[in-house]
Amino acid sequence: MASLTSSSWLHLLLLLVAMGTFAAAGGSGNPTAGFQKVQLADGDFQVQSPYNVPESQRFEYRNGVRTFWVHRNDKPFNTATHTNPRSEVRLRGHDYSSGVWQFEGYGYVPSGTSGVSVMQIHNEEGAAHSTVLMLHVYDGVLRFYSGAAVEANIYDRWFRLNVMHDVGASTVAVYVDGEHKFSTSVTPSKSYYFKFGVYMQHHDQSSCMESRWTNVTLYTKHY
């Protein structure tokens, strides 16, 4: 699935064109203006994938692109949990409990993928609620959980995703390609971290779910 075919090279070319377009947009379309970039090391990208198959059968990192996929009947990421199948990165070493934090990444969801979370803001382990934000894909629409539409026609294109979390104000905001698309208040918790990839949800799942990510970065600022 994840081998670099001529189609994959075309996707990379389209990504480079898209990134150039976003960069040319300048500060007015740049949600990271005024934020400080967080330095991420390779070891900060912790992969979680089904325990019963080798990681290489559900995840690939090549030419700067992380590709994640799961099948509907896959196992959880370890034997101690009964959660749904996933192939995700948990960004570790950068949990936070104050300030304003922002996730940025260039994502790609191939047509047919449905019933899956592609990005999360996760609460600390043992919290009353697991997350304050999940972005799901259903039939080509990016949604806040299974509810409000964030971006239509998400399939088969590279998009720039920025997700901003103001801890003090208990709000989240989502930007797609530099444009504000969604914001809401959220229930506060003690601490938080970011995840991205594919995590199967509870309805309308496709038999295989896939997303691709590159240039994932974190930003922060404090009052």
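Strands here are DSSP runs of type E with at least two residues, while helices are H or I runs of at least four, and both are numbered from the N terminus.

A quick word on where this comes from. This is a predicted model, in which local features need pLDDT of at least 70 and side-chain atom pairs count only at pLDDT 80 or more, while totals for chains, interfaces and linings use all residues. Residues are numbered from 1 along each chain as its sequence is written, and side-chain values use heavy atoms, with hydrogens and water left out.

Back to Q120. Is Q120 buried or exposed? Q120 is buried, because its relative accessible area is 1%. Buried means under 20% relative accessible area, exposed means over 50%, and partly exposed is in between, using a 1.4 Å probe and protein chains only. Which side chain makes a polar contact with the side chain of Q120? That partner is E88, at 2.6 Å. A polar contact is a pair of N or O atoms within 3.5 Å; within protein, one must be able to donate a hydrogen and the other to accept it, and residues adjacent in sequence count only if both atoms are side-chain atoms. Leaving out neighbours within four places in sequence, Q120 is also in contact with other residues, including T131, L133, Y193 and F194. Contact here means heavy atoms within 4.5 Å.

E88 takes us to strand β5, residues 86–91. This strand is mostly covered, with 6 of its 6 residues buried. In a regular strand, side chains alternate between the two faces of the sheet. You can follow that here: R86, E88 and R90 point one way from β5, S87, V89 and L91 point the other way, and all are buried.

Now, who are the neighbours of β5? On screen, find strand β2, residues 45–48, which runs antiparallel to β5 and is joined to it by 4 bridges. For example, Q46 has R90 in β5 as its bridge partner. Strand β14 also runs antiparallel to β5, joined by 5 bridges, and S87 has V198 in β14 as its bridge partner. We say that two strands pair if DSSP finds at least two bridges between them. Strands of a sheet pair through backbone hydrogen bonds, either parallel or antiparallel.

Strand β14 leads us back to β7: the two pair in the antiparallel sense over 7 bridges, and N123 stands opposite Y192 in β14.

Let's zoom out. In what order do the strands of the open sheet come? There are 7 strands, in the order β2-β5-β14-β7-β8-β9-β10, with antiparallel pairing. The edge strands are β2 and β10 (149–151), each pairing on one side only. Neighbouring strands of this sheet are turned by 20° against each other on average, direction ignored. Those angles use axes that are lines fitted to C-alpha atoms, for helices over the stretch in contact, and in general run from 0 to 180 degrees between N-to-C directions.

Next, the nonpolar residues. In soluble globular proteins, nonpolar side chains tend to be buried together. The largest nonpolar core in this model has 41 residues, and F103, I121 and L161 have the most contacts inside it. Such a core is a set of buried Ala, Val, Leu, Ile, Met, Phe, Trp, Tyr and Cys residues joined through side-chain atoms within 4.5 Å. Strand β14 (residues 192–200) gives this core its largest share, 5 residues. A second, separate core has 6 residues, among them F35, V100, M164 and A173.

Finally, the aromatic rings. Rings of Phe, Tyr and Trp (its six-membered ring) pair if their centres lie within 6.5 Å; planes under 30 degrees apart are stacked, over 60 edge-to-face, and the rest tilted. By this rule there are 14 aromatic pairs. F45 and F196 make an edge-to-face pair, because their planes are at 85°, with ring centres 6.3 Å apart. This pair links distant parts of the chain, with F45 in β2 and F196 in β14, 151 residues apart. F45 is buried at 13% relative accessible area, and F196 is buried at 0%. Another pair, Y108 and W158, is tilted, with 5.3 Å between centres and 50° between planes.

One last stop, K37, in strand β1 (residues 36–38). K37 counts as partly exposed because its relative accessibility is 48%.
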